[in-house]
Amino acid sequence: MDATPVARAPLGFSLDCSLIGFSTLLAMPAEPAYVPDMTAPMTAEDLLQPDVPERAELVRGVLVVREPPGFRHGEITVRLASALMIHVDAQSLGRVVGGDAGFRVRSDPDTVRGADIAFVSWERLPQRSPVGFPSLGPDLVVEVLSPGDRPGETLAKIADWLSAGTRLVWVIDAERRLARVYRADGTETTLDAAGVVDGEDVLPGFSCPLASILG
């Protein structure tokens, strides 16, 4: 996960940093973001234009572009995405996507968030895979932290996912060798490297040792 919001607006979902333990996350300076000079907010449709950079999110109508997150980030993402794909395909539960696949989680102004990994059940998205950005929060979102991710900006992204209907968010912190689990009911769990990420009622039967993801 390597996108930093640059526009500030009231969130539809409130998270208390003091309660969920994000003060322990690395708070290193974010990588420079490219934000074009715009006189009007961009829309989700604008984000699909060929002249827009590939690694981009739209946050309250403002385009935010990032550099690639690095080798370790990609390795962790592929490991977990592969495990999820095997389980989801075997049970015919839905779709697993990666590579910052975009979802429109807010409108007017539009917010399009990219997920490192996301799972969407057949019940919520039964039609053919959309070309653009579906207007929903995936059932499960996985965010793999990059060294430049700031805690407050990470929280804002989690809040956007949960406000849009995401039921489960896993935040993988490779540097600290832990994961944090956020749920739609507001509860949160921290797992150390000996822990197991569990699909709970979102992906019944799925479990994966965190150590095997982190390598």
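**Figure 1. The buried residues of helix α2.** Helix α2 buries His 73, Ile 76, Thr 77, Leu 80, Ala 81, Leu 84, His 87 and Val 88. Viewed down the helix axis, these buried residues of α2 fall within an arc of 130 degrees, so they line one face of the helix. An α-helix has 3.6 residues a turn, so residues three or four places apart point the same way. The face of α2 turned away from the buried side carries the exposed residues Phe 71, Val 78, Ile 86, Asp 89 and Ala 90. The model shown in this and the following figures is predicted.

Figure 2. Which elements cover the buried residues of α2? The cover includes the strands β3 (94–106), β4 (111–121), β5 (140–144) and β6 (168–173), together with helix α4 (210–214). Just after α2, Ser 92 adopts a positive phi of about 50 degrees.

**Figure 3. The protein as a whole.** Four helices and ten strands make up the elements of the protein. Along the sequence, these elements follow the pattern α-β-β-α-β-β-β-α-β-β-β-β-β-α. The protein has 215 residues, of which 49% count as buried. When contacts between residues at least 6 apart in sequence are considered, 65% of them join residues at least 24 apart. The accessible surface of the protein comes to about 10,100 Å², and 56% of this surface belongs to carbon and sulfur atoms.

**Figure 4. The largest nonpolar core.** This core contains 26 residues, and those that touch the most other members are Leu 80, Leu 84, Leu 140, Val 142, Trp 170, Ile 172 and Phe 206. Two or more residues of the core come from each of α2, β4, β5, β6, β7 (178–183) and α4. Which element gives the most to this core? Helix α2 does, with five residues. A second, separate core has 16 residues, including Leu 136, Val 141, Trp 161 and Leu 162.

**Figure 5. Leu 84 and its contacts.** Leu 84 is one of the buried residues of α2. When neighbours within four places in sequence are left aside, Leu 84 is in contact with Val 96, Ile 117, Leu 140, Val 142, Trp 170, Leu 203 and Phe 206. Among these partners, Leu 140, Val 142, Trp 170 and Phe 206 are listed with Leu 84 as the core residues that touch the most other members.

Figure 6. Trp 170 has its place in strand β6. Is Trp 170 buried or exposed? Its relative accessible area is 0%, so Trp 170 counts as buried. Neighbours within four places in sequence aside, Trp 170 is in contact with Leu 80, Leu 84, Leu 140, Val 141, Val 142, Glu 143, Arg 180, Val 181, Val 197, Asp 198, Gly 199 and Phe 206.

Figure 7. Side chains of opposite charge can pair when their charged atoms come close. The structure holds twelve salt bridges. In one of them, the side chains of Arg 113 and Asp 160 meet at 3.0 Å, N to O. Arg 113 lies in strand β4 and Asp 160 in helix α3 (residues 151–163), so the pair ties together parts that are 47 residues apart in sequence. Both Arg 113 and Asp 160 are buried. Another salt bridge joins Glu 143 and Lys 157, with 3.6 Å between the closest N and O atoms. This pair links strand β5, which holds Glu 143, to helix α3, which holds Lys 157, across 14 residues of sequence. Glu 143 and Lys 157 are both buried.

**Figure 8. The salt bridge of Arg 167 and Asp 201.** The closest N and O atoms of Arg 167 and Asp 201 are 3.5 Å apart, and the two residues form a salt bridge. Arg 167 is in the loop between α3 and β6, whereas Asp 201 is in the loop between β9 (196–198) and β10 (207–209), 34 residues apart. Arg 167 has a relative accessibility of 34% and therefore counts as partly exposed. At 57% relative accessibility, Asp 201 counts as exposed. Arg 167 and Asp 201 belong, with Arg 124 and Asp 139, to a network of salt bridges.

Terms used: Residues numbered from 1 in each chain as written. Predicted model: local features only at pLDDT ≥ 70, side-chain atom pairs only at ≥ 80, totals over all residues. Heavy atoms only, no water. Buried < 20%, exposed > 50% of the residue type's maximum accessible area, 1.4 Å probe, protein only. Arc of directions from axis to C-beta. Contact = heavy atoms within 4.5 Å. Areas by Shrake-Rupley, 256 points an atom, 1.4 Å probe, with all protein chains shown as cover. Core = buried A, V, L, I, M, F, W, Y, C linked by side-chain atoms within 4.5 Å. Salt bridge = Lys/Arg side-chain N within 4 Å of Asp/Glu carboxyl O.
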